[in-house]
Amino acid sequence: MSQTLNPMTLPLEGHHLIEASAGTGKTWTIASLYLRLVLGIGGPQGQALRPRQILVLTFTRAATQELVDRIRSRLVQAWALFEGTAPPEQEADPFLTELLASVPEGAARREAAWRLEQAATGMDDAAVMTIDAWVQRLLGEHLLPAGQPGIAQLLESDEAWMLQAVRDYWRQQVYPLDTDAMQAVADVVASADELTEWLAPALKGSATPPAPPSDTLQGCLGAVAQHRAQILKALQSDWHRRADDIEAWFAACLQANPKTFNGNVLRDGLGTVKRWCDGIRAWSRGQSAWLEGVNTGKPEERRLRERLTPEGLLGLHNKANRPSDASGLPAWAADFERLVQGLDGLQHAHEALALHALGWVAGRLQQVKQERAAHTFDDLLAQALHGLTQSPEIGERLCRQYPAAMVDEFQDTSPTQLQLLHKVYRREHAEPHALLLIGDPK
């Protein structure tokens, strides 16, 4: 349940999403929560944390430096107030005043002042960094095997290498295709550049690269075509005759009551039904593929796959004439539903092409990067996520290293970055921790 944020009372244990738009004092809020963590006020088990134990993540180096400066300034202000040397304007700060009042006078307040002083002078070692820098540190300190060479090149983007790998794939795998296989590819993509655009999201978003294919694209597409042909032959049999049954049933219903069906769908009555059945006959004889969910053409033809199932037929009736259930419908309706399910289970050439190309290109790209010891930030992120998945105890160790974490500009995190955070700050961790996600809902 959402509620208005009070930086003095927000629980600093567990997972919390803080919505903060631009201009709402987001950095001020982060710094205020930082003060509470340093003093141990409401933090994980009331533990006072040092700057190196509070992980603050953002997305640019400029934002990192700004956060460090603002947090240090806030620590100095609070230290002066606790020491009794703050100027009048700081004594009137509502949050600092409430923070001061929460710590009893005497030894507790002197210890709090000392903690604030130590934190302010120790901000050069604070764990405030970009999320990419944190991932690199995580890999270097916890996941890279001893003796493994470091990163010779850190690439902002591998798009040029990716395009070259796809062009190699196009020359080696697509050019040699026979006419049928080439047409199957052309129905999906027309060039290597277009294939690159098609594959790029999967190549960038995959935490675990797919395995390179063991067969050529020609062999892969040939196997798919052969398997589809065998299944289609069984599915197509007898539907040219069943189309006659469909026409006869609709004709009988309309003869008994011309208002049986929704006139907005069957605008010309049996004329619409005849077009449906002619399409089924053409598909059954192998003259059309639109019933398989590809190259369907008109919207009317696309909707046919739903119209002739039991649920579709019930919906096709006018309310006044609608049967109470499917028991009174013809047997071919249930058979047609099974036909659609069988067609939906067919493997398509575009699926085979995607899997084959993705595995081949990912393998080539990985080979080139290994040869040049080069990585992108996405590569490092995927490597870190894979490492934490294989070794969850490392995530627990990181949670103990940074009992509290704040993620600034959370709306800019990728799904993989969020998965990585959840690998470290898992809700089921025995170790108490705080994960505060601060972002702009707009």
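The model is predicted, so local features need pLDDT of at least 70 and side-chain atom pairs count only at pLDDT 80 or more, while totals for chains, interfaces and linings use all residues. Residues are numbered from 1 along each chain as its sequence is written, and side-chain values use heavy atoms, with hydrogens and water left out.

The protein chain contains 19 helices and seven strands. Both are DSSP runs, numbered from the N terminus: helices are H or I with at least four residues, and strands are E with at least two. The radius of gyration of the protein chain is 32 Å, whereas a compact globule of 442 residues would have one near 22 Å. This radius is taken over C-alpha atoms, and the globule rule is 2.2 Å times the number of residues to the power 0.38. Along the principal axes, the C-alpha atoms fill a box of roughly 95 × 60 × 35 Å. Of the 442 residues, 44% are buried. Buried means under 20% relative accessible area, exposed means over 50%, and partly exposed lies in between (1.4 Å probe, protein chains only). The protein chain exposes about 22900 Å², and carbon and sulfur atoms supply 49% of that area. Accessible areas come from the Shrake-Rupley method with a 1.4 Å probe. Among contacts between residues at least 6 apart in sequence, 78% join residues at least 24 apart. A contact means heavy atoms within 4.5 Å.

Five strands form an open sheet. Their order is β1-β7-β6-β2-β3, and the pairing is parallel. Two strands pair if DSSP finds at least two bridges between them. The edge strands are β1 (14-19) and β3 (128-130), each pairing on one side only. From one strand to the next, the twist averages 20°.

The bridges can be followed across the sheet. Six of them join β1 to β7. Here Glu 19 has Gly 439 of β7 as its bridge partner. Four bridges join β6 to β7. Ala 404 stands opposite Ala 434 in β7, and Val 407 stands opposite Leu 437. Strand β2 (residues 54-58) and strand β6 (residues 404-407) also pair over four bridges. In this pair, Ile 54 has Ala 404 as its partner, and Leu 57 stands opposite Val 407.

In a regular strand the side chains alternate between the two faces of the sheet. Strand β7 (residues 434-439) has six of its six residues buried. Ala 434, Leu 436 and Ile 438 point one way, and Leu 435, Leu 437 and Gly 439 point the other. Strand β6 is covered on both faces, with Ala 404 and Met 406 buried on one side and Ala 405 and Val 407 on the other.

Helices accompany the sheet. Helix α2 (residues 61-83) lies across β2 and β3, running at about 170° to β3. Helix α6 (residues 131-143) touches β2 and β3, and its direction makes about 100° with that of β3. Angles run from 0 to 180 degrees between N-to-C directions, with axes fitted to C-alpha atoms, for helices over the stretch in contact.

Helix α6 also meets helix α18 (residues 392-401): their axes come within 12 Å and cross at roughly 115°. The contact involves Leu 138, Glu 141, His 142 and Leu 143 of α6. From α18 come Ile 394, Arg 397, Leu 398 and Gln 401.
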